[in-house]
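Subject: Structure handover

Hello,

Here is the structure we spoke about. Please look it over, then read the notes below.

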Amino acid sequence: MQSLLPIEVDAHLTELVTAQHLDPVLDDMERRAEAHGFPIVGRAVGRFLELQARMVGARRVVELGSGYGYSAYWFARAVGADGEVVCTDTDPDNARLAEGYLRRAGLWEGVRYHVGDALEGLAAVGGEIDLVYCDIDKHGYPAAWEATRERLRVGGLFLCDNVLWDGRVARGDQDDDTRAIVAMTREVAQDPRYVSAINPVRDGVLVALRVA
Ligand SMILES: C[S@@+](CC[C@H](N)C(=O)[O-])C[C@H]1O[C@@H](n2cnc3c(N)ncnc32)[C@H](O)[C@@H]1O
């Protein structure tokens with residue numbers, strides 16, 4: 001996924017984050033993404049996710065669509081040793097890879113990985129949730145929001161990746177995935193219990209804070 005930002009601006013953001021936090025495990029995860037064309041969020045968004053989680057004091061995070069653990073890496077840092085990150089993905093190979101990378105990074109302790117449908121994984125999590133991060137197949141976004149909106153505590157966050165979808169959300173002639181992203185984004189914007197905005201970094205990250 002190419003960033004929507006000018007390439008040199010994106011490189012600047014990435015370089016700033018890299019200067020703040022060096023880890024050869026992250027380098028390896030990024031090399032895998034490059035080699036296999038796998039869509040990880042990248043460093044600038046990763047750091048942003050960590051920041052969001054820390055800002056609401058998140059202790060329990062649920063990821064919808066975890067891949068091999070790159071975004072979970074940042075959430076695991078944020079929740080700390082006593083926290084919990086529930087990863088979900090349909091692909092068992094991703095779960096195996098995530099365990100390898102996150103163990104090496106010293107972050108696997110608080111991670112649980114549900115192999116299967118993301119919304120089933122979410123439903124299996126009991127109690128209050130501080131943060132849900134959505135990065136599944138785009139046609140699933142409206143259902144993901146529907147399943148999440150009641151589950152977050154007041155003061156919790158819904159974060160969702162790819163909400164600008166390479167600019168397609170603002171153009172005519174939209175396909176099903178684009179329409180699903182737009183429909184979900186409108187639902188979030190119109191929910192009076194949430195205050196939301198989109199950070200246009202990379203492919204757009206929706207941030208929605210539950211206020212009531
Ligand atoms: C964009 S990748 C996730 C990348 C990850 N968030 C990161 O940045 O490291 C999307 C992942 O979601 C998984 N996925 C898509 N739809 C899903 C669903 N309905 N339930 C569970 N996993 C799903 C795919 O297998 C894929 O690994």
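Helix α1 (residues 7–20) has 14 residues and should span 20 Å at 1.5 Å a residue; its end C-alpha atoms are 20 Å apart, which agrees. The expected span is 1.5 Å times one less than the number of residues. Helices (H or I, at least four residues) and strands (E, at least two) are DSSP runs, numbered from the N terminus.

This is a predicted model: local features need pLDDT of at least 70, side-chain atom pairs count only at pLDDT 80 or more, and totals for chains, interfaces and linings use all residues. Residues are numbered from 1 along each chain as its sequence is written.

Of the 14 residues of α1, zero are buried, so α1 lies largely in the open. A residue is buried if 20 or more other C-beta atoms, placed from the backbone, lie within 10 Å of its own, exposed if 12 or fewer, and partly exposed in between.

α1 packs against helix α3 (residues 43–55) at about 60 degrees, the axes being 8 Å apart. Leu 13, Thr 14, Val 17 and Thr 18 of α1 meet Arg 43, Ala 44 and Arg 47 of α3; contact means C-beta atoms, placed from the backbone, within 7 Å.

Elsewhere, Thr 88 is in strand β2 (residues 84–89). Thr 88 is buried, with 26 other C-beta atoms within 10 Å. The C-alpha atoms of Thr 88 and Gly 121 are separated by 6.2 Å, though 33 residues apart along the chain.

Regards

Notes. Axes are lines fitted to C-alpha atoms, for helices over the stretch in contact, and angles run from 0 to 180 degrees between N-to-C directions. Two residues are in contact if their C-beta atoms, placed from the backbone, lie within 7 Å.
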